[in-house]
Amino acid sequence: MSTTRIERGSFGRSAVIRLRPNEDLIEGVEQACLESGISHAVVRSAVGSLVDAVLAYGVGPKASQGDENTIVEKGPGVEILTLTGELAPGEDGRPKADLRGTISTPDARVLGGRFLPGRNSICITLELVIQEWLPETATLQP
């Protein structure tokens, strides 16, 4: 049986974030949110490129860590076609990003999955817009 999280809240500030060459996608977004005082957010839009891309796919613990459910695409110049996801506080209270998307490889293949932290360096630039989420309450529904 799966559990669904229902959370009431409202949207707050919007932030435009630019990540520079060789910054990590996940770590850069988390740091920008930390510096802006944003602990919860959703990704609204993004455009940019990666040096190399490493994405996980599937379900279960192996997919969340990568392992054999990992796409490793060598660049340079892997284009981000779509980027979606959210940020929420981790166990340490700092914003943690869960970002998923599709990429276009240098030979024009399209692949998708969850971007793995520490393994997706920005190539030229990445610009994204996030919107703060201000939660009121959360309940679990079976």
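Predicted model: local features only at pLDDT ≥ 70, side-chain atom pairs only at ≥ 80, totals over all residues.
Local features need pLDDT of at least 70, side-chain atom pairs count only at pLDDT 80 or more, and totals for chains, interfaces and linings use all residues. Residues are numbered from 1 along each chain as its sequence is written, and side-chain values use heavy atoms, without hydrogens and water.

A pocket is an open set of points on a 1 Å grid over the protein atoms alone, where a 1.4 Å probe fits, with protein on both sides within 12 Å along at least five of seven lines. Lining residues have an atom within 4 Å of a point. Here they include Arg5, Phe11, His40, Glu86, Lys96 and Trp133. β1 (4-19), β2 (41-50) and β5 (78-89) each give two or more residues. Strands are DSSP runs (E, at least two residues), and helices are runs of H or I (at least four), numbered from the N terminus. β5 provides the largest share, four residues. By class, the lining has seven nonpolar, one polar and four charged residues. Ala, Val, Leu, Ile, Met, Phe, Trp, Tyr, Cys and Pro count as nonpolar, Asp, Glu, Lys and Arg as charged, and the others, Gly among them, as polar.

α1 (25-36), β6 (95-104) and β7 (110-115) each supply at least two residues. β6 gives the most, with four.
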